[in-house]
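User: I have a structure to read and I am new to this. Can you walk me through the features one by one?

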Amino acid sequence: MSHRIHTPRPFSAATALLALIVGFALTLVASPAFAHDELIGSSPAAGSEVDALPSEITLTFSGVLIDGAGTTQIVVTDASGADITGGDPVLDGTKVTQPLAASAAPGLVTVVWRVVSSDGHPVSDQFTFTVAGGSGASPEASAPADDAGDGGMSPAVWIGAGVAIFAALIAVFTATSAAKRRRTED
Ligand SMILES: [Cu+2]
């Protein structure tokens, strides 16, 4: 019964590895919800009404965003659907400034934004404000849309969890075969 000495060793090693990998996978799944930077304010504010279109809009986030080619994208359209962005957005830490065109049709202005959160995940959403003089911009329509935000990151998280689980299965399989091999050698 010499194999009784050997068997527990690969089993506990595999268990430890499995616990480590599952823990890591859980961290991957659990942390994004807490680590994302959020839009905490804007000028003009979401849902507000302004007398005239400002020369730029400013978005303020809860963390320092990641800068790089194409990481920060803002599209602003007026009530007629025309693009009224006036150049590239400028990122400065937690603030994004987007120059606007000289004028816009009165009514609802829609700001669609996408940034890369300090944790490396893209975050996106949109909000609206109203330029006075428009007819029939409903209060419901100017409420910020909250649920569009986190959709983009789920696939990455699930792929991460999938890879971790696959790695755990391989580790257990390898440890089991090694144990079997040792048993047959005994
Ligand atoms: Cu994230």
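**Reading the sheet**

Analyst: Start with the sheet: 4 strands form an open sheet in the order 2-8-7-4, with mixed pairing. Strands are DSSP runs of E, at least two residues long, and helices are runs of H or I of at least four; both are numbered from the N terminus. Two strands pair if DSSP finds at least two bridges between them. This is a predicted model, where local features need pLDDT of at least 70, side-chain atom pairs count only at pLDDT 80 or more, and totals for chains, interfaces and linings use all residues. Residues are numbered from 1 along each chain as its sequence is written, and side-chain values use heavy atoms, leaving out hydrogens and water.

User: Which strands stand at the edges of the sheet?

Analyst: Strand 2 (49–50) and strand 4 (73–77) do. Each has a single partner strand, so one side of each is left without a neighbour in the sheet.

User: In what sense do strand 4 and strand 7 pair?

Analyst: They pair in the antiparallel sense, over 5 bridges. Gln 73 stands opposite Arg 114 in strand 7.

User: Is Thr 110 buried or exposed?

Analyst: Buried means under 20% relative accessible area, exposed over 50%, and partly exposed in between, using a 1.4 Å probe and protein chains only. Thr 110 has 18%, so Thr 110 is buried. Thr 110 is found in strand 7.

User: What is Thr 110 in contact with?

Analyst: Contact means heavy atoms within 4.5 Å. Leaving aside neighbours within four places in sequence, Thr 110 touches Val 75, Val 76, Thr 77, Gln 126, Phe 127 and Thr 128.

User: How is a pair of aromatic rings described?

Analyst: By the distance of the centres and the angle of the planes. Rings of Phe, Tyr and Trp (its six-membered ring) pair if their centres lie within 6.5 Å; planes under 30 degrees apart count as stacked, over 60 as edge-to-face and the rest as tilted. The count here comes to 1 aromatic pair. Phe 61 and Trp 113 are edge-to-face, 5.0 Å centre to centre, with 75° between the planes. Phe 61 lies in strand 3 (residues 56–61) and Trp 113 in strand 7, so the pair ties together parts 52 residues apart in sequence.

User: Which residues coordinate the copper ion?

Analyst: Donors are N, O and S atoms within 2.8 Å of the metal (3.2 Å for Na, K and Ca); water is not among the atoms, so sites may look incomplete. The copper ion is coordinated by His 36 (NE2), Asp 119 (OD) and His 121 (ND1), at 1.8 to 2.3 Å.
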